[in-house]
Amino acid sequence: MSKGREMSSSSFLKIEDLKKSYDGVNALNGIDLSLDEGDFLTIFGPNGAGKTTLLKIIATLLKPTSGVVAISDYDLEEHSEEFRNSVSVISHQSLLYNELTAQENLRFYADLYDIEEPAGKVTKLLKLVDLYERRNSKVAEFSRGMQQRLSIARALINEPSLILLDEPYSGLDQHSSLLLKNQLIKLHDDKRTIILVTHNLTFGMESATKVGILVKGKVAYFKQRAEIDDDNFDETYFKYVGGKTL
Amino acid sequence: MKILVSIAASLFLIAIYMIFSYTPTEAVMGIVQKIFYFHLPLAFTGFFSFFVSFICGVLYLVKKDSKYDVYGATSVEIGVVLTTLVLISGSLWARPIWNTWWTWDPRLTTALILWLIYVAYLILRMSIEQDGKRASFCAVMAIIGFVDVPIVFFSARLWRTIHPVVIQKDKIALASSMKLSLLIAMVAFFALWTVLFKLRTKTLFLNERVKRLNNKIL
Amino acid sequence: MKNIITIVKKDLKLEFRKRESLTSMLFFGILVLVILNIAIGIGQNIAPSISGGILWVAVIFAAVLGLDRVFSNEKENRCIDGLLLSPIEPETIFIAKMAVNLIFMIIVELIIIPIFIVLYNSSITLENLPMFIAIVLLLNIGFSAVGTLLSAISSGTRRNDIMLPILLFPILIPLIAATVKATSELLSGSPVEKYSQWLYLTLAFDLIFFGSSYLLFEHVIKEG
């Protein structure tokens, strides 16, 4: 359970004063964030703002220098295994083995996560992302868009309650991007909590329930999607994310 | 710092005086035996250096404080220099006495393998850009390298008992005057080690500060 | 544990799809055997005290090639993150990768050793076979344990293909020396008592380095 801090139990994900410095750089300088279950948070921010670092910490790939991260009051440090069981990551790297088939890849992850009835689960997911016909093809033969779809299937293997997406749209053509966007909407409908990091303003804004902008390791802007005026937001976005002002 | 340097310098002067004037020349080996007064302290301080890097490696992995990485790396650097001198002095000693440039005596063999292990450490250090990764990897290498030392020594020993060698290097009778010179030489070398350690770590810490300031500006 | 088997099966499957590693390991090992035979003098009878060393030089050089692959197939598409994101512990990855390397080594040895016996006219009889197998296994375990740890380190550097032998070989010297000594004695027909202390040394090496590598692996595979 949490380390003696007062946590509001209505929050699903709670991040308090999260700091991370490494290699002489202060990547995160005190992040405070809270999400309810079922939220879809889109995070924008210039390069080097710390967005990937933040996601990596939540995914347990990096250890925080200080601060608290908790899901449903389970603190990251003490419950690393539970975190990994309920969190999934989709990034521009597919995390798939090129020489294995789609089915073999999913089966591998199903076994790793100790899924009950793995064969059935794999089939179900392949059908969900529309890759069942190509289940016996090697990932090396897939297009980028198909790899991304399979990556989504991989991320759903463990029925995650929190899905982290690190610039999933990068490198995708328009068609695949639309497909991905629709997939994300579907995921969100399934009551999963989602954090999306992207540079794609349009797609990022579409499904969001909360929007944040990270600059230099701090949350510079954070609002409920409903409160954002679309016309003005472009300005705001470019103010924080746009080119450097000298 | 200046005091330390002058202490080390004077110790060295005293040591050199004692080695060459105070102690008598050894009967069997002649003046060449004087190398021994350098060779042995070099070996001890070299070994000590690697021991320090082992401890620093462990401390770094536990505490993740980059100062242990700096201390550890410095120790390895000094250790490699000292070990190189051990090998050279051992060789210089062997040639006139036993008419061979190299002996597979356990201590010299251990020194050679240590040299290889820690030079590899330095090569590794040069090939990683990211500080955190470099520190972790080097800490692991420092630990693994040192863990190997007893095994290396014992296998070299074992080899020797199976191939008895005519060289009886360890059976040098040490007159008390020789023991005193040796002791002074030891202390002198440890003082030298401390001077080198402080100088080098100071440089490395300054490097880090410069890097951090650079990052801030950019 | 189940997870170890999952990862081992996956790695074996990957390897047998293309067989890059095994083929190059095998070929290189045989090449070394042949070249050294020529270098020492064709037609000359090579004494067991020397041929013992040659066998292990060939095996070690071949094995290093295989070790390289152990983590390079996780670099593609950042699959290593896939493993780290899952609920398994880093130690599981270590044991799995070590097991994979052990299996590769044994497969390669099953072919290289008979070729060695033929090329170097060596006498491995049914009598000394059990001890010979013990020697081989002890070397394989020590090699794979340290090798897996160091392979994880070298695959994190820029010059990873040359980095691995540079880091690995010095550490392995006592293991190789003891193995060569034991093998030479065995090939010369000596009784077990004569070389048993070398075997104890390899056993000590294996225990110490398996333990250290197992404990240190986590620091090498995970980022800060």
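A residue is called buried if 20 or more other C-beta atoms lie within 10 Å of its own, exposed if 12 or fewer, and partly exposed in between, with C-beta atoms placed from the backbone. This is a predicted model: local features need pLDDT of at least 70, side-chain atom pairs count only at pLDDT 80 or more, and totals for chains, interfaces and linings use all residues. Residues are numbered from 1 along each chain as its sequence is written, while chains are lettered from A and ligands numbered from 1 in the order in which they are written.

View 1. Helices (H or I, at least four residues) and strands (E, at least two) are DSSP runs, numbered from the N terminus. Leu180(A), Gln183(A), Leu184(A) and Leu187(A) are buried in α6(A). They cover an arc of only 100 degrees around the axis, which puts them on the same side of α6(A). The arc is that of the directions from the helix axis to the C-beta atoms. On the other side of α6(A), Gln174(A), His175(A), Asn182(A) and Asp189(A) are exposed.

**View 2. Around α6(A).** The cover over its buried residues includes α5 (144-156), β7 (162-166) and β8 (193-197) of chain A. Just after α6(A), Lys191(A) has a positive phi of about 70 degrees.

**View 3. An open sheet in chain A.** Four strands line up in the order β2-β1-β4-β5, with antiparallel pairing. Two strands pair if DSSP finds at least two bridges between them. β2 (25-35) and β5 (74-75) of chain A stand at the edges, each with a single partner strand, so one side of each is left without a neighbour in the sheet. Strand β1 (residues 13-22) of chain A is joined to β2(A) by eight bridges. Lys20(A) has Leu28(A), in β2(A), as its bridge partner.

**View 4. Where chain A meets chain B.** Four residues of chain A are in contact (C-beta atoms, placed from the backbone, within 7 Å) with seven residues of chain B. The chain A side divides into two nonpolar, one polar and one charged.

**View 5. Helices of chain B.** Chain B has six helices and zero strands. Buried residues make up 39% of its 218 residues.

Key:
Two residues are in contact if their C-beta atoms, placed from the backbone, lie within 7 Å. Ala, Val, Leu, Ile, Met, Phe, Trp, Tyr, Cys and Pro count as nonpolar, Asp, Glu, Lys and Arg as charged, and the others, Gly among them, as polar.
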